[in-house]
Amino acid sequence: MLLKTKINTLIVIFVSLVIFYVLKINFDKIFLPTLSFISAFFISGFIGFILLFFSLHGIKKVILEKNILQEKNTKVENILVSLKKQIEEKEKMLVQKTESLSTLNRINKALSSIVDLDKILELILDALQKDLKFDRVILFLSNEKLKPKKTVGFDKNIDINNFVVSLEDKTNFLVKTFFDGRPKIITDIKEQQLPENFSQIYKNIYPNSVAIIPLVSKDIPVGLIIVDNISSKRDIEERDIRSLSIFTNQVALAIENARLFEMEKNFSQELQKQVEIAKKNLEIAQSQLIKSERLAALGEMSAIVAHEVRNPMASIRASAQRISKKISDTDPAKKYTVFIIQEVDRLERVVKDILTFSREPEPQKQPTNINALIKDTLYFLQSEIKQVQARVIENFDSTLSNINIDPALIKQVLLNILQNALNFMADRERRELKVVTYSSDGNIKIEISDTGPGIPEENLEKIFEPFFTTKPRGTGLGLAISSRLVESHKGKISVESKLGFGSTFTITLPI
Amino acid sequence: MEKNRTILLVEDDTSTVEVYSDELKEKGYEVICINNGREALELLNSKKINFNIIIIDLKLPKMDGEELIKKIRNNHINIPIIICTAYPFKNSFKKLYEKLTDAIFTKPVDLDILTNKINELIKQE
């Protein structure tokens, strides 16, 4: 444009000079040379000015138009820039939304696959920090109290367990918000007073950069989340709360899921437990049935065997007794008759033991003084006690009330245990037989301790089994019978033993 | 020596019958041995012999000892009865027998104990 203006101006100057020259030549002919020069100069100057005016007018118009165009261009450019900016922002938001959505999706997937509440909460809290750009997040779960469960962004030196809030304190802003169920942005920290123990973690905080979001599951408050922007100082707006609530809903859902899962787990565990108990009971009942059937069969058989064995035994013993009476004491055959009688008696003891063992005891209960019964039994055993030269220590609780038992059966039990004790002490240096009675937890206890060799640990469980014996002439039924007799009184026998020091049998009988 | 005392021994085991009766005879008793319950009851009901003691085994052919004892008592025969059995019986049965009889012995019985009991019962007559 400038070039065109220059050329136009030069052309106008050139045309003006040509006009001046033509006019000068012609005016020289008419006027004086001085007058002709002035006239020609003014006329050519005037024409030149008019020409210049017109030529410049066109250019001015073009320039104006150009300026307008330029202005429009700038405007368009500005619009474009702002549009670009907006697009970029939208894109950013979109990315953010996509991220949030993908996080939500991830959380959703986790909710359906991970049953561990801890892991889900961790995932959600991480999302709050990374996707929603909060500096710090603290999550409380309620269980009588508001207890901090998880945090992100907090200094590791801070012990979150210090921030337990009692739900009783209804004036507390956190508790109020918890029960109110609506999110709150703290606009004035001083006025809204966080609990005193929170001042440590919220001391450098700005108003509007802290928000409390209650967690509600099925209309029941289950916890709350506090978010803040302690470093960025960015204000938390309603928009943030909306985004937050999407996540907090997930937390509530996760808690609900975990609760349901826990319930289901407990239920199935309980069910399994019940099934196992039922199975066990069935097994016990079955084994008891088998045992009692076997016992009945055994009882029947031993009764028959006893009958068949006792008849010949009767005639053998009576015959031996008659021979023994007929021969003199000096007769060498005398001792054999004694052997026959003794061995028949021994056989009879075996038969009796087998019969007792194979028969379900039928206690004929009557009120009995247990101390007197023990004394009676010890008296019965006095010859054996003398033979062994055992020292008997009686430590009876004289205040014991009478107890409903079959004295004959319990005497048999006492005899079995006391006789065993005496037998095993016979070769021992120290021979002490201690009998103690006392009451405990609605039971009467009889403790019979000896200073025998003790029972090896591997035999402790076997000694109450039938036919287990370590005595050369034992049937192995004494303790099995004793155990059964005590059980028929709903009591029990237990044993404690220290190898080399002796054993203690405890008979427990319910009062 | 006890004279004119008669014992009825109801027992089916032959050697036992022989040893017991030998012993009792030696002690001066008359001993009548019968090996089954029915004949023993017939003999008692006939009242041909005046028995002082009856010794009964519980396991007997034709009529067992339990039935025999009940029938003896039902017929108002009050002769002392001693049970001498090889068969084990339950406590509840023992109570019943204790009511109906005078002594219960389980085989093998000591002859001295048996004869002592017989003497004791006869003295109570």
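Visitor: In what order do the strands of the open sheet of chain B stand?

Guide: This is a predicted model, in which local features need pLDDT of at least 70 and side-chain atom pairs count only at pLDDT 80 or more, while totals for chains, interfaces and linings use all residues. Residues are numbered from 1 along each chain as its sequence is written, chains are lettered from A and ligands numbered from 1 in the order in which they are written, and side-chain values use heavy atoms, with hydrogens and water left out. Helices (H or I, at least four residues) and strands (E, at least two) are DSSP runs numbered from the N terminus, and two strands pair if DSSP finds at least two bridges between them. The open sheet of chain B has 5 strands with parallel pairing, and their order is 2-1-3-4-5.

Visitor: Which residue is the bridge partner of B:Leu8 in strand 2 of chain B?

Guide: Strand 1 of chain B, residues 6-10, runs parallel to strand 2 of chain B and is joined to that strand by 5 bridges. Within strand 2 of chain B, the partner of B:Leu8 is B:Ile32.

Visitor: Are helix 1 and helix 5 of chain B roughly parallel, roughly perpendicular or oblique to each other?

Guide: Helix 1 (residues 14-26) and helix 5 (residues 111-124) of chain B pack with their axes 11 Å apart, at an angle of about 55 degrees. Axes are lines fitted to C-alpha atoms, for helices over the stretch in contact (heavy atoms within 4.5 Å), and angles run from 0 to 180 degrees between N-to-C directions. Angles under 35 degrees count as roughly parallel, over 145 as roughly antiparallel, 65 to 115 as roughly perpendicular and the rest as oblique. Helix 1 and helix 5 of chain B are therefore oblique.

Visitor: Which strands stand at the edges of the open sheet of chain A?

Guide: In chain A, 6 strands form an open sheet with antiparallel pairing, in the order 3-2-1-6-5-4. Each edge strand has a single partner strand, so one side of each is left without a neighbour in the sheet, and these are strand 3 (165-166) and strand 4 (184-186) of chain A.

Visitor: How much area is buried between chain B and chain A?

Guide: Contact joins 25 residues of chain B with 22 residues of chain A. Buried area is the accessible area (1.4 Å probe) that two parts lose on being put together, summed over both. Carbon and sulfur atoms give 53% of the area buried between chain B and chain A, which is about 2000 Å².
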